[in-house]
Amino acid sequence: MSENYIVSARKYRPASFATVVGQQSLTHTLKTAIGSNKLAHAYLFCGPRGVGKTTCARIFAKAINCEHLTADGEPCNECESCKAFNEQRSYNIIELDAASNNSVDDIRTIVDQVRIPPQVGKYRVFIIDEVHMLTTAAFNAFLKTLEEPPEYAIFILATTEKQKIIPTILSRCQIYDFARIKVPDIVEQLKYICNDRGVTAETAALNVIAQKADGAMRDALSIFDQVSASCEGNITYQRAIENLNVLDHDYYFRLDEAFLKSDIPSALLIYKEIREHGFDSQFFINGLAQHFRDLMVASNPQTVVLLEMNDEIAQKFVSQAQKFAPAYFYRVMDLCNFCDLNYRDASNKQFLVELTLIKICQLLTGPMPPAGGDQPPVKKMQAAPATAAQQPAQSAPAPAPQAQAPQAPAASAAAQVAPSPITSSPVQTYTPGHMMPPRPTAQPQRQPTQSKMPRIYINNKKLAAEVAAEKAATTKTPQAPTFTKNKPIDPEEFAKAWNAYPDAHPQDIIVTNAMRRAVPTLISDAHYKMMSANEGEAGFINNKLTDILYYLRNQLQNNTITIEVVLDKTIKTPTIMTEREIVNDILSRRPEFATFIKDFELTLI
């Protein structure tokens, strides 16, 4: 007759500190306390489920009563106390499951037993598991005994939710925080169990089990038994992911190739194949985000250690990460996160995921699409309501302002934008000591409406509609490239196209000044790095990066060009001041200018 089967979680439960997995620092502290005879009267073991809290409590209780501890602080398993513990007949170790015994009467039973001294050994140890389940009244009944127990009584409390324990209990205990067990430690323990049970297993399959356990050794052993039973003693990677319903890395690597080629049909077909295998779409999109997170950390040698997987798969991630620029990872993770946040409220969930995949496919061939569609427009503060004398009649056109010499600057500026109270506006180059900022010599003559001097306007609501109409008429929508084959990039042609953009867009002073200062450096293939002098300038360049990429890709007939803006504070640039700062600088040198603003009721936008 064959012996009875015992599940791995029970059969391989640690019986000594040395066999506890993944808690070496904590077990060393406990052994040191026992060896030096510096024992507290109350301990609190807290941490996630399945990491060894109750197991360590039992080993600790066994060790402090052992009559012949080994040299390394382990129980001898030969004295009467150890034998009684191993045979589960020890009266010195009392356990209480607070999940089902959480009343005041249950605690009073424990308090009564505390009064009985040990018959064998030095200490009576009371282990209360899931202590956070005790009621408030039970906690209060336990307080006095926990604070002043007999010298032979030691309490060990275990919990997964330390935050639910009242502070008066916490203050009476030494607190030990158990950590999640690392994936490599779980894999090594599973290999030992495979050898002991005569089971063959692929390392990749054990790695899947360890990741599925999420840091809990007990969960890993339960999953191992499940997979081992279905694989009939030969655990393979393919059988493991099928049994555990895990989405294989190969699906995501295939999606990577579709993204690199901007192959939208292939990406959608792979997603269809995943759905047909029964995987939830939100589970898939979260897995895709995790995949690109792993690619991101694999792209940097310093962060490769963050990959919790075996060396073979980790090396595959490292080689795959070299095909993408760092900024690409951030955009994909942002798109996946947006999809996950809106998945619950989406009426057509499949369409939401497919749209996300389409956007990811377009990242390398067109402008980088925002996660949530068009970005919201920048809000400006509106002007205060005009008085009855100032507000023009709506039925008749506003009268033209009289041509007076003092009003000329204000009148010409008023034709540009609608009025609003004085507030901050985009930065521009300005040198203190001059009434007007210097104009670049290489730029063509600009119209008065493009002037970059401090803009001060007379309140006139009708101008808002006129300026908005003029702006809409002059705004050009960039056209998508029409070529089908990417031309090789010649460095001289790239520099020529780069320098031509500022001449074609003279109105963007900050961006064009930065572009004239230096040509980006080629990093790899068609990926360039541009150095920016400060965060404000980098923000303006990033806002215009879509237009710049459109221009360069059209000029050079290459759809794979990407540019990364990097902050370099060592670059020296002219003083950057906002329009508000410009006006304040003028007022500090010309106080009479304040009278001019007040007399004509001018505002700055």
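User: What is the relative accessibility of Arg-589?
Analyst: This is a predicted model, with local features needing pLDDT of at least 70 and side-chain atom pairs pLDDT 80 or more, while totals for chains, interfaces and linings use all residues. Residues are numbered from 1 along each chain as its sequence is written, and side-chain values use heavy atoms, leaving out hydrogens and water. Buried means under 20% relative accessible area, exposed over 50%, and partly exposed in between (1.4 Å probe, protein chains only). Arg-589 counts as partly exposed because its relative accessibility is 34%.

User: Which residue forms a salt bridge with Arg-589?
Analyst: A salt bridge here puts a side-chain nitrogen of Lys or Arg within 4 Å of a carboxyl oxygen of Asp or Glu. For Arg-589, the closest N and O atoms are 3.2 Å apart. The partner is buried, at 16% relative accessible area, and it's Asp-585.

User: How many residues apart in sequence are the parts tied together by Glu-273 and Arg-254?
Analyst: These two form a salt bridge, their closest N and O atoms being 3.0 Å apart. Glu-273 belongs to helix 13 and Arg-254 to helix 12, so the pair ties together parts whose separation is 19 residues.

User: What is the strand order in the open sheet?
Analyst: Strands pair if DSSP finds at least two bridges between them. Strand 2 and strand 5 are at the edges because each has a single partner strand. With parallel pairing, the five strands have the order 2-3-4-1-5.

Methods. Helices (H or I, at least four residues) and strands (E, at least two) are DSSP runs, numbered from the N terminus.
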